[in-house]
Amino acid sequence: MIQGFKEFILKGNVIDLAVAVVIGGAFTAIVNAVVASIINPLVALFFEADAAGKFGPTITGIYGQKVTFPLGDLITAIISFLAVAVVVYLAFVMPMNAYKARKAAKNPIAEEAAEATEGELLAEIRDLLKQQRSA
């Protein structure tokens with residue numbers, strides 16, 4: 001039972017799902033705090049904020065209204081995504097890839113057998129069927 005659970009946990013799909021949950025949950029507050037306290041003030045050095053706190057160039061519309069393109073929100077979202085992606089890559093993906101490489105180095109025969117292509121398997125089945133018919 002424990003071996004089956006271990007195999008289930010170490011499958012790529014479970015790890016990918018765990019990484020997605022971590023990206024969406026645990027690091028969101030940290031990244032938002034960093035962006036709000038460091039990135040937004042840096043963006044504010046170059047763009048003036050409007051009354052709603054949006055950063056970006058302001059253009060007068062055809063009816064005389066002020067229209068602000070919130071480029072600050074876009075920059076914030078891009079930087080947040082990149083920060084989360086880097087942390088998740090360093091904390092989860094690299095260690096898992098290293099673990100899989102060590103596991104493959106310990107048992108190279110099992111890895112080679114698992115990576116047989118569909119064509120190779122079909123050819124092997126064909127050969128076995130020919131042997132059965134001739135016997």
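This is a predicted model: local features need pLDDT of at least 70, side-chain atom pairs count only at pLDDT 80 or more; totals for chains, interfaces and linings use all residues.
View 1. For the protein chain as a whole the mean pLDDT is 76, and 79% of its residues reach 70 or more.

**View 2. Helix α4 carries a kink centred on Y89.** The bend there is about 40 degrees. End to end, the C-alpha atoms of α4 are 51 Å apart, which agrees with the 52 Å its 36 residues should span at 1.5 Å a residue. Buried residues of α4 are G72, T76, S80, V84, V88 and M96.

**View 3. Eight residues form the largest nonpolar core.** Look for I15, V19, V31, V35, I39, V84, V88 and M96. Helices α2 (12-24), α3 (28-46) and α4 (71-106) each give two or more residues to this core.

**View 4. Two stretches are annotated as "transmembrane region" in UniProt.** The unreviewed entry lists residues 12-39 and 74-93 under that name. In the model, residues 74-93 are 100% helix and 0% strand, with end C-alpha atoms 26 Å apart.

**View 5. R126 and D127 form a salt bridge.** Their closest N and O atoms are 3.3 Å apart, and a search of the whole structure finds one salt bridge. How exposed are the two partners? R126 counts as partly exposed because its relative accessibility is 45%, and D127 is also partly exposed, at 36%.

Key: Residues are numbered from 1 along each chain as its sequence is written. Side-chain values use heavy atoms; hydrogens and water are left out. A nonpolar core is a set of buried Ala, Val, Leu, Ile, Met, Phe, Trp, Tyr and Cys residues joined through side-chain atoms within 4.5 Å. Buried means under 20% relative accessible area, exposed over 50%, partly exposed in between (1.4 Å probe, protein chains only). Helices (H or I, at least four residues) and strands (E, at least two) are DSSP runs, numbered from the N terminus. pLDDT is the predictor's confidence in each residue, from 0 to 100. The expected span of a helix is 1.5 Å times one less than its number of residues. The bend at a residue is the angle between axes fitted to the seven residues ending there and the seven starting there. UniProt positions are given in the numbering used here, feature names are shortened, and annotations may be inferred rather than shown by experiment. A salt bridge is a side-chain nitrogen of Lys or Arg within 4 Å of a carboxyl oxygen of Asp or Glu.
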